[in-house]
Amino acid sequence: MRNSQSDMADTMAAAPAEAIKVRLFAQLREQAGWDQRWLPINAIAPLPLSPATIWNHLALPAELSQVRIAINQQFAHPDSPLLPGDELAFLPPISGG
């Protein structure tokens, strides 16, 4: 499984038809050091693709159960199916008062 910084940098050249656009927000963005990337479908296993599969591939230090997921700007579940060209966003919990 590939998930080093140099491997992630290579994903920027992927064509949308062959990739999932992954967006990170707030502290997830800060932890990863990037805010959006095209992740080639062939770089991810196992298939079929879901937010949970991509989350595991990214190996971020947060728990997926604490993160909101959106596919094409609609909230979704971790096991929702993804298609090439989809935009997947991970949003950390928002605190406030």
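What pLDDT does the protein chain average? The average is 83, and 79% of the residues score at least 70; pLDDT is the predictor's confidence in each residue, from 0 to 100. This is a predicted model: local features need pLDDT of at least 70, side-chain atom pairs count only at pLDDT 80 or more, and totals for chains, interfaces and linings use all residues. Numbering starts from 1 along each chain as its sequence is written, and side-chain values use heavy atoms, without hydrogens and water.

**Confidence**
- Where pLDDT is low, predicted coordinates should not be read in detail.

**Core**
- The largest nonpolar core has 21 residues. Such a core is a set of buried Ala, Val, Leu, Ile, Met, Phe, Trp, Tyr and Cys residues joined through side-chain atoms within 4.5 Å.
- Ile 20, Val 22, Leu 24, Ile 54, Leu 88 and Phe 90 touch the most other members.
- Strand 1 (19–24), helix 2 (26–32), helix 3 (51–58), strand 3 (68–71) and strand 5 (87–91) each supply at least two residues of this core. Helices (H or I, at least four residues) and strands (E, at least two) are DSSP runs, numbered from the N terminus.

**Strand 5**
- Strand 1 runs parallel to strand 5, joined by four bridges. Pairing requires at least two DSSP bridges between two strands.
- Strand 3 pairs with strand 5 in the antiparallel sense, also over four bridges.
- Phe 90 stands opposite Leu 24 and is the bridge partner of Ile 69.

Technical notes: Buried means under 20% relative accessible area, exposed over 50%, partly exposed in between (1.4 Å probe, protein chains only).
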